[in-house]
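Dear colleague,

Please find the structure below, with a short account of what was found in it.

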Amino acid sequence: MFLYHVIIRNDDLGEYFSPAIVLKEGLNRKTATKWYGNSGNFFPDLTIRFRPANLPKWVDFNVAFGAGLEEYDIPHYRFPVFSDKILVFNRDIASDLFSYIEDIYDGGNGRIVEGLPSKEDLMKNYWASMNTLEEF
């Protein structure tokens with residue numbers, strides 16, 4: 001199994017990492033691009049409030065980064081699975097959480113989030129969707 005990471009070339013935003021850097025340092029928080037939203041940290045107050053009490057301390061969205069589990073059609077890096085501390089969350093729930101961020105930029109009028117569950121319910125469901133990579 002591999003982890004996939006999209007290559008984004010946007011020097012103005014500082015989102016590009018040369019292949020030499022990525023190959024030397026690997027996939028980590030420092031070399032991860034903003035292509036992957038950190039859904040668990042979109043609303044930090046809700047993340048903390050609904051965080052399951054029995055989670056290991058290493059589960060920390062402040063240092064987490066994302067990667068894909070399927071190969072992309074666009075340029076990407078491929079890394080072998082290198083840790084047993086990889087979690088998988090439901091992408092649809094993450095997308096719905098991101099809709100609330102988009103709604104803020106749209107003026108907060110609710111058009112984008114109309115019909116979606118509340119942020120609170122989404123965050124509860126997000127945590128409930130968590131699996132280890134092995135369980136997934």
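Helices H3 and H4 are roughly antiparallel to each other, a term used for angles over 145 degrees. Their axes, lines fitted to C-alpha atoms over the stretch in contact, with angles from 0 to 180 degrees between N-to-C directions, come within 9 Å and cross at roughly 150°. This is a predicted model, in which local features need pLDDT of at least 70 and side-chain atom pairs count only at pLDDT 80 or more, while totals for chains, interfaces and linings use all residues. Residues are numbered from 1 along each chain as its sequence is written, and side-chain values use heavy atoms, with hydrogens and water left out.

H3 covers residues 91-105 and H4 residues 119-128; helices here are DSSP runs (H or I) of at least four residues, and strands (E) of at least two, numbered from the N terminus. Ile93, Ala94, Asp96, Leu97 and Tyr100 of H3 are in contact with Lys119, Leu122, Met123, Asn125 and Tyr126 of H4 (heavy atoms within 4.5 Å).

Asn125, in H4, is partly exposed at 39% relative accessible area (buried is under 20%, exposed over 50%, partly exposed in between, with a 1.4 Å probe and protein chains only). Its C-alpha atom is separated by 8.7 Å from that of Asn90, 35 residues apart along the chain.

Turning to the strands, E1 (residues 2-6) and E2 run antiparallel and are joined by 5 bridges; pairing requires at least two DSSP bridges. Leu3 has Phe79 of E2 as its bridge partner.

Yours sincerely

Terms used: Parallel < 35°, antiparallel > 145°, perpendicular 65-115°, else oblique.
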